[in-house]
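Me: Hi! I've just opened a new model and would like to talk it through with you. Could you take my questions as they come?

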Amino acid sequence: MSKRKRPQDKTLPYLDNVPESQLYSQLLEFEKRLDATITRKTLDVQDQLQKPWKKIVKQLRVFLSHTADGQGWTFTMQGQLVEVRLKQKPKFSQFFKQVMVDVGGQVVEWNKQQECDGFEIKGTGQKILKIMLTLDSGSELVKCGPLLSQLLNIYVDTIPNIIHALWQYIKVNKLHDPEDKRSVLCDDKMQQVFQQEKLLFIQVPELVQKQVLPVDPIILEYHISNEQGYQVNPQAYDIQVTIEDPLRENALSLASNVGIVRDLNVLDEKIASLVQAVRLSQLKRDFMLEFTSDPVGFINKWIASQSKDLQVLDLMVDYPW
């Protein structure tokens with residue numbers, strides 16, 4: 001038994017007895033243009049996803065706290081990204097390569113083995129904790145050298161952002177060589193940094209790379225008292241970190257959202273079925289209207305039509321091809 005073919009045609013002819021049918025046709029035309037635009041934009045998004053995306057700089061807010069009772073204290077360090085909405089929240093430890101805590105001369109160390117949402121240390125007595133956080137090497141953050149930092153007023157940032165800031169400095173101070181657009185005429189401050197009176201644009205990334213250093217470990221202190229109960233450090237520490245651009249996550253969701261496409265196909269099939277039902281109803285209505293307006297003429301015309309069909313069938317029986 002052959003499978004029944006599902007209706008695909010969604011076009012509806014103009015029905016004089018249903019003025020809204022014209023609005024439906026206009027809506028269908030608008031849908032075609034909208035589908036074309038969405039398809040084009042989806043292809044653009046997929047093309048962009050094939051290219052490497054730059055990481056963005058955000059603030060990681062670190063909270064320090066401890067609880068104490070008669071037997072000792074428990075120190076806790078946690079953190080969260082500020083003003084960032086992600087579908088999958090990153091673990092706090094993902095941002096660090098190493099965490100070291102000096103507890104009165106005894107060092108507690110965590111190396112990147114298993115990701116976690118925070119760190120806990122237990123101890124006794126009044127202590128001053130010295131915490132050293134080493135950012136993960138994948139953070140892409142670097143520290144500007146003293147002269148470059150003074151020139152751009154930037155201490156820690158990514159190399160692309162530092163290069164962009166240098167372009168802006170050159171543009172604002174009109175340091176382009178009027179005779180050679182590929183070159184920059186260094187002012188006194190730039191000469192102190194790069195030790196050149198003139199440099200080519202193509203040299204800038206390499207020269208900037210020589211003026212940056214790895215980011216220093218972050219040093220924090222926390223005082224633990226003998227008071228019992230829950231206590232929070234009155235300060236929160238903001239640390240610059242780099243993360244994947246959240247727009248990439250949204251773009252991936254848009255480009256691979258199979259569920260929406262499936263739902264739209266189901267709705268298209270329902271619309272096509274309804275349109276087919278309307279067409280059949282229109283044929284029945286036309287049939288009945290013509291019959292009621294001239295029953296005798298309609299029957300004669302119908303009999304003549306059937307006779308022609310029978311003649312064609314007889315010819316096909318007598319002369320099969």
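Predicted model: local features only at pLDDT ≥ 70, side-chain atom pairs only at ≥ 80, totals over all residues.

Me: Nice. Which residues of α3 are buried?
Reply: Those are I159, I162, I163, L166, Y169 and I170. They cover an arc of only 115° around the axis, which means they sit on the same side of α3.

Me: Which exposed residues are on the face turned away from that buried side?
Reply: K171 and V172 are the exposed residues carried there. After α3 comes K174, whose phi is positive, near 55°.

Me: Switching to the core. How many residues are in the largest nonpolar one, and which have the most contacts inside it?
Reply: The largest nonpolar core has 32 residues. F75, M77, F96, I131 and L133 have the most contacts within that core.

Me: Which elements give two or more residues to this core?
Reply: They are β1 (56-69), β2 (72-81), β3 (96-103), β5 (118-123), β6 (127-135), β12 (218-224) and β14 (237-243).

Me: I'd like to zoom in on F96. What does F96 touch, if we skip residues up to four places away in sequence?
Reply: F96 touches L60, W110, K112, L133, T134, L135, D136 and I239. There is also a second, separate core of 23 residues, and I163, L166, L175 and M190 are among its members.

Me: Good link. On to cysteines: where is C144, and is C144 buried or exposed?
Reply: C144 is in strand β7, residues 141-144. Its relative accessibility is 3%, so C144 counts as buried.

Me: What is C144 in contact with, beyond its neighbours within four places in sequence?
Reply: The contacts are S149, I154, Y155, I162 and Q211. One of them, I154, is ten residues from C144 along the chain, and their C-alpha atoms are separated by 6.9 Å.

Me: How many disulfides does the count come to?
Reply: The count comes to zero disulfides.

Me: Charges next. How many salt bridges does the structure hold?
Reply: Seven salt bridges. In one of them D216 pairs with K143, with the closest N and O atoms 2.9 Å apart. This pair links distant parts of the chain: D216 is in the loop between β11 (212-214) and β12, K143 is in strand β7, and they are 73 residues apart.

Me: How accessible are D216 and K143?
Reply: D216 is at 37% relative accessibility, so D216 counts as partly exposed. K143 is buried, with a relative accessible area of 13%.

Me: What about K198, which residue does K198 form a salt bridge with?
Reply: K198 pairs with D177, and their closest N and O atoms are 3.0 Å apart. K198 lies in strand β10 (residues 198-200) and D177 in the loop between α3 and β9 (183-185), so the pair ties together parts that are 21 residues apart in sequence. K198 is partly exposed at 43%, while D177 counts as buried at 7%.

Me: One last bridge, please. Where do E290 and K301 lie?
Reply: E290 is in helix α7 (residues 258-293) and K301 in helix α8 (residues 295-318), so this pair ties together parts eleven residues apart in sequence. The closest N and O atoms of E290 and K301 are 3.2 Å apart. E290 counts as partly exposed at 36%, and K301 is exposed with a relative accessible area of 54%.

Me: To finish, how many helices and strands does the protein chain have?
Reply: Eight helices and 14 strands. Of the 321 residues of the protein chain, 28% count as buried. Among contacts between residues at least 6 apart in sequence, 63% join residues at least 24 apart.

Methods. Residues numbered from 1 in each chain as written. Heavy atoms only, no water. Buried < 20%, exposed > 50% of the residue type's maximum accessible area, 1.4 Å probe, protein only. Helix = DSSP H or I, 4+ residues; strand = E, 2+ residues; numbered from the N terminus. Arc of directions from axis to C-beta. Core = buried A, V, L, I, M, F, W, Y, C linked by side-chain atoms within 4.5 Å. Contact = heavy atoms within 4.5 Å. Disulfide = S-S within 2.5 Å. Salt bridge = Lys/Arg side-chain N within 4 Å of Asp/Glu carboxyl O.
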